[in-house]
Amino acid sequence: MIGITGASGSLGRATAEAVLRTVDPHRVVLTARRPEALADLAERGAHVRPADFEDVRGLTAAFEGVEKLLLISTDRVGARLEQHRAALAGAAAAGVAHVVYTSVPEPVPGNPASVVPDHAGTERSLRESGLRWTMLRNHLYAHLQASAIAGALVSGRLVTNHGTGAAAYVTREDCAAAAAAVLTQEGHEDRVYDISGPEAVSAEDLLALARELGGHEVELVAVDDETFAEGLRAAGLPEAAVRLVTSFGASTREGYLAAVSSAVTDLTGRRPTPLAEAVRAALPR
């Protein structure tokens, strides 16, 4: 039996769809805070159960019968470690044998990305849990760069705090396909996979793409973290998003997101989607 947490979210649903194309739906357990959002997958035969990461006893019931569980990190950045630990406790109590966790590249103390402490703590807890584990260290989503490109096409300025760093952007669909492969295949226990795109992309590469897509000149404006954050605030982003986006820029600048791996191809048999293709698909027509 395969379980997926957060199955009503974008990554969870994409992974569920990929798994359901491979295995009998009756072997799939999908959990969510709002199980009604998964009614269509329940109609296809999947087991849909409510799950609240604040309730260990409820999590134990939600994971009953599951042998391999995909634990998708929750959206409470900075406050989700206890939720993840509750999920691990519930999984252990339910008899889950193997937990697959969606993490972040290089969750080490020097990495300035604000999500690192939560992921590092969860990885540590999972390794110490006695459960078999797999870490899927997903790189930054490629489609999120479409908004930066779209803004640059309007303003004529691509503002970035990436410096000369680069990031191996990956599509959500490739992350889902990789997760589904680990869930449905054997032999991935106690392994770490960097789930990256096919190339590391710099600010100069983003600039070239903006110029190609816009057909006109776009200027690259390199700024420090404080100036970049002020620009995001002026654009109306909430403070939590400002801190998160700025920290990922700093992580890119310092080289923590540049490693390119073959994991997507190794796991799925297909080449990951290039950033340019993902951005073109995400931009308004």
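This is a predicted model: local features need pLDDT of at least 70, side-chain atom pairs count only at pLDDT 80 or more; totals for chains, interfaces and linings use all residues.
Student: Start with the core. Which residues touch the most other members of the largest nonpolar core?

Tutor: Ile-4, Val-19, Leu-30, Leu-70, Leu-136 and Ile-195 do. That core has 34 residues.

Student: Which helices and strands each supply at least two residues of this core?

Tutor: On the strand side, strand 1 (2–4), strand 2 (28–32) and strand 9 (191–195) do. The helices are helix 1 (10–20), helix 7 (172–184) and helix 11 (263–268).

Student: Where does the largest share of this core come from?

Tutor: Helix 7, with 8 residues.

Student: What hand is the crossing of helix 1 past helix 7?

Tutor: Right-handed.

Student: Which residues meet there, in helix 1 and in helix 7?

Tutor: Helix 1 brings Ser-10, Leu-11, Ala-14, Thr-15, Ala-18 and Val-19. Helix 7 brings Arg-172, Cys-175, Ala-176, Ala-179, Ala-180, Leu-183 and Thr-184. By class, the contact has 9 nonpolar, 3 polar and 1 charged residues.

Student: Now helix 6 and helix 12. At what angle do they pack?

Tutor: About 70°, with their axes 9 Å apart. Helix 6 covers residues 145–155 and helix 12 covers residues 275–282. The 65 to 115 degree range counts as roughly perpendicular, so helix 6 is roughly perpendicular to helix 12.

Student: Who makes that contact between helix 6 and helix 12, and which residues are they?

Tutor: Gln-145, Ala-146 and Ile-149 on helix 6. Leu-275, Val-279 and Ala-282 on helix 12. The class count is 5 nonpolar, 1 polar and no charged residues.

Student: Single residues next. Where is Arg-80?

Tutor: In the loop between strand 4 (68–71) and helix 4 (81–94).

Student: Is Arg-80 buried or exposed?

Tutor: Buried, because its relative accessibility is 5%. The cut-off for buried is under 20%. Leaving aside neighbours within four places in sequence, Arg-80 contacts Ser-73, Thr-74, Val-115, Asp-118 and His-119.

Student: And Val-56, why does that count as partly exposed?

Tutor: Because Val-56 has 35% relative accessibility. Val-56 is in helix 3 (residues 56–62).

Student: How far is Val-56 from Arg-85, C-alpha atoms?

Tutor: They are separated by 9.2 Å, and lie 29 residues apart along the chain.

Student: Last one, Ser-202. Which strand is Ser-202 in?

Tutor: Strand 10, residues 201–202. Ser-202 counts as buried, because its relative accessibility is 16%. Ser-202 touches Gly-165 and Ala-166, not counting residues up to four places away in sequence.

Student: What separates Ser-202 from Thr-5 in space?

Tutor: 33 Å, C-alpha to C-alpha. In sequence, Ser-202 and Thr-5 are 197 residues apart.

Methods: Residues are numbered from 1 along each chain as its sequence is written. Side-chain values use heavy atoms; hydrogens and water are left out. Helices (H or I, at least four residues) and strands (E, at least two) are DSSP runs, numbered from the N terminus. Buried means under 20% relative accessible area, exposed over 50%, partly exposed in between (1.4 Å probe, protein chains only). Contact means heavy atoms within 4.5 Å. A nonpolar core is a set of buried Ala, Val, Leu, Ile, Met, Phe, Trp, Tyr and Cys residues joined through side-chain atoms within 4.5 Å. Axes are lines fitted to C-alpha atoms, for helices over the stretch in contact, and angles run from 0 to 180 degrees between N-to-C directions. Angles under 35 degrees count as roughly parallel, over 145 as roughly antiparallel, 65 to 115 as roughly perpendicular and the rest as oblique. Ala, Val, Leu, Ile, Met, Phe, Trp, Tyr, Cys and Pro count as nonpolar, Asp, Glu, Lys and Arg as charged, and the others, Gly among them, as polar. A crossing is left-handed if the near helix is turned anticlockwise from the far one by less than a right angle, and right-handed if clockwise.
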